[in-house]
Amino acid sequence: MSLMNLTATGLGEKIKNKEISAPEAVRAALDATEAKEAELNSFVTVDREGAIKRANEVQKLIDEGKLESPVAGVPVAIKDNMCTEGLLTTCSSKILGNYVPSYTAEAVLNLERAGAVIIGKTNMDEFAMGSTTETSAYGATKNPWNTGHVPGGSSGGSCAAVAACECPYALGSDTGGSIRQPSSFCGVTGIKPTYGTVSRYGLIAYGSSLDQIGPVAKDVTDCATVLEIIASYDKKDSTSVKRDSYDFTSALIDDVKGMKIGIPSDYFGEGLDSEVKEAVLDAAKELEKKGAVIEEFNLSLVDYAIPAYYIIACAEASSNLARFDGVKYGFRTEDYNGLHNMYKKTRSEGFGAEVKRRIMLGSFVLSSGYYDAYYIKALKTKALIKKAFDNAFSKYDVILGPAAPSTAPALGQSLSDPLKMYLGDIYTISANLAGLPGITVPCGMDSKNLPIGLQILGNCFKEKNIIRAAYSFEQTREYKYSPLA
């Protein structure tokens, strides 16, 4: 069995017990990555030299008794929209193709303080805009279960790297389901915490009111452990929340007796693949056998989530991406005539089609004649969606449903119909609009041998409920390794 088939905490335990060293673990990850990258394209950058040097430093600290974290010495991959000092950070875009940050994102720093070793930066949809990791300037990432299919997005590189056992765990970001949906497609576990729990400092923004960093791993234990490490209050991030407790691992209990679980009937109507529906409802039955109380209810407003989300996200993106103009950093067009021409040509050549589409949509809804008709209306809808969830969580501890309407589509299928790609986010985006925590865990396979993910949502700051429910369900099944693992 390869070292990379171990969970992050399992590998950390072996390093702690001196069964293997941190440099050995890191070399195993780098070798696995080297062997599989031609087929997968999970990474934009692999930092072999830097990772081995860091692993030796970490091993020294472990030997001196200065590092006792569960992930000390364990290799990790970071989504390429999180700044890493001295290491290329591109957002998978030509416009940031030469950008090397002078600082590191706070969430990544928290991992480094715990002794994690970064082996590289993972591929993603350009500026996190997409659901398939096909809009990357570096080419599409492939699904480790079937390389003719997408891994999901935008954190597809991180999820594919974990599913293929290139590394034990990774960090992703979730703006509208970008951790939970690819976790479902790749058969791994991913958590999006409550908005404000993990600092966004150093995360290159797509939609500032929606973006949140979270872990991707093989199991719930790893996700809870890593979330405990990266979560912190950060005064450098104005949206950071000072929480009473950052303890998540105490919720790793196989006990859902008396837990009230709501299943929104709106999530199981037209458009949901029958095999996905069956697997998710079977998962609910497993939790019911363990003593959970399952009840169907009407969540309402589901139909309004997608238009509200895309108006808000694109409006924020058009503002956030205005800084990429060829002046201070990143790509600049070679041939231009005057400042304004340089702006136009740089952005035309540097951004991909999907990013341009969303910038234009965002600029349109923020323009003077349409601001009230679209943007203000979307914000009001967002408030109503939050209220609907508040009502639901007054009755239920968690809400259970699918993470995506289908399993992973074939490569090229979604890009040919952008609207269909947007509709694929129907089950995940509401959590971002309401700032809720959510987790995806594998719950079965379809007839094409592609993974199906179960999504569990909780109320704000109630990560422990979703972790307990997910951990309890996880005990009913064995982890399945992808063919490329």
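Where does Ser-92 lie?

## Ser-92

In this predicted model, Ser-92 belongs to the loop that runs between β2 (75-79) and α4 (106-113). Its backbone has a phi near 55°, which is a positive value in a residue other than glycine. Buried means under 20% relative accessible area, and Ser-92 has 0% relative accessibility, so Ser-92 counts as buried.

## Ser-300

Another serine with a positive phi is Ser-300, where the angle is near 65°. Ser-300 lies in the loop between β8 (293-297) and α9 (302-320). Ser-300 counts as partly exposed because its relative accessibility is 34%.

## The cis peptide bond

The peptide bond from Gly-153 to Ser-154 is cis, and its omega is near 5°. Ser-154 is in the loop between β3 (117-122) and α5 (156-163).

## Packing of α8 and α15

Two packed helices are described by the angle between their axes and by the distance between those axes. For helix α8 (residues 274-289) and helix α15 (residues 463-474), the angle is about 95° and the axes are 10 Å apart. Angles of 65 to 115 degrees count as roughly perpendicular, so α8 is roughly perpendicular to α15.

On the α8 side, the residues that meet α15 are Ala-283, Glu-286 and Leu-287. Their partners in α15 are Ala-469, Ser-472 and Phe-473. By class, the contact of α8 with α15 has four nonpolar residues, one polar residue and one charged residue.

Key
Residues are numbered from 1 along each chain as its sequence is written. This is a predicted model: local features need pLDDT of at least 70, side-chain atom pairs count only at pLDDT 80 or more; totals for chains, interfaces and linings use all residues. Side-chain values use heavy atoms; hydrogens and water are left out. Helices (H or I, at least four residues) and strands (E, at least two) are DSSP runs, numbered from the N terminus. Buried means under 20% relative accessible area, exposed over 50%, partly exposed in between (1.4 Å probe, protein chains only). Axes are lines fitted to C-alpha atoms, for helices over the stretch in contact, and angles run from 0 to 180 degrees between N-to-C directions. Angles under 35 degrees count as roughly parallel, over 145 as roughly antiparallel, 65 to 115 as roughly perpendicular and the rest as oblique. Contact means heavy atoms within 4.5 Å. Ala, Val, Leu, Ile, Met, Phe, Trp, Tyr, Cys and Pro count as nonpolar, Asp, Glu, Lys and Arg as charged, and the others, Gly among them, as polar.
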